[in-house]
Amino acid sequence: MGRQLRTILSARYSSGQVYLYETTEAGDAESLVQIINTRDNIICAVGGDGTIHEIVNGLMRNILIDVEKDVRICPVPCGSGNAIAAES
C-alpha cells in the first residue's frame, strides 16, 4: 500500500515533497505530527479511528504551525470501525 500511495500522491502533488511514515505502535502517529514544521501539509491517514485520533492530538500539541490554516487531513479508512470516515 505504501508504494502505491507514494506514486499516487507524487503524481498529484508534483510541486512538493511526499513523505511516508509508517507507524508500528500506539503513539507513533501522534509523535510524528508533533514535529511537522512546514505550511500547507496534507496528511493522508491510512488507518482507523485510532490513527485519526492520534494525528489530531499530535497536531493540537504542535506549536510550530497553525493547525487551522496549515494542515489538511485526508482519512483513508483501513480500520475495523472507521466511524470518523463514515461520518465525514
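Glu30 lies in helix α2, where helices (H or I, at least four residues) and strands (E, at least two) are DSSP runs numbered from the N terminus. The model is predicted: local features require pLDDT of at least 70 and side-chain atom pairs count only at pLDDT 80 or more, whereas totals for chains, interfaces and linings use all residues. Residues are numbered from 1 along each chain as its sequence is written, and side-chain values rest on heavy atoms, with hydrogens and water left out.

Glu30 counts as buried because its relative accessibility is 18%; buried denotes under 20% relative accessible area, exposed over 50%, and partly exposed the range in between (1.4 Å probe, protein chains only). When neighbours within four places in sequence are set aside, Glu30 is in contact with Glu54, Asn57, Gly58 and Arg61, contact being defined as heavy atoms within 4.5 Å. Asp28 also belongs to helix α2. With residues up to four places away in sequence not counted, Asp28 touches Thr23 and Glu54. The C-alpha atoms of Asp28 and Glu54 are 8.1 Å apart in space, and the two residues are separated by 26 positions in sequence.

In the protein chain, five helices and two strands are assigned, following the order α-α-β-α-α-β-α along the sequence. Of the 88 residues, 25% are buried. Among contacts between residues at least 6 apart in sequence, 64% join residues at least 24 apart.

The largest nonpolar core comprises 10 residues: Ala29, Val33, Ile36, Ile43, Ala45, Ile52, Ile55, Leu59, Ile65 and Val71. Such a core is a set of buried Ala, Val, Leu, Ile, Met, Phe, Trp, Tyr and Cys residues joined through side-chain atoms within 4.5 Å. At least two of its residues are supplied by each of α2 (28-33), β1 (41-47) and α3 (49-61), and α3 provides the largest share, three residues.

The accessible surface of the protein chain amounts to about 6,500 Å², 50% of which belongs to carbon and sulfur atoms; areas were computed by the Shrake-Rupley method with a 1.4 Å probe, and for residues only the protein chains shown count as cover. A nonpolar surface patch is formed by Val56, Met60 and Ile73, with about 260 Å² of accessible area together. Ile73 is placed in strand β2 (residues 71-77) and is partly exposed, at 34% relative accessible area.

Technical notes:
Patch = residues over 30% accessible without salt bridge, like charges linked within 9 Å, V, L, I, M, F, W, Y side chains within 5 Å. Salt bridge = Lys/Arg side-chain N within 4 Å of Asp/Glu carboxyl O.
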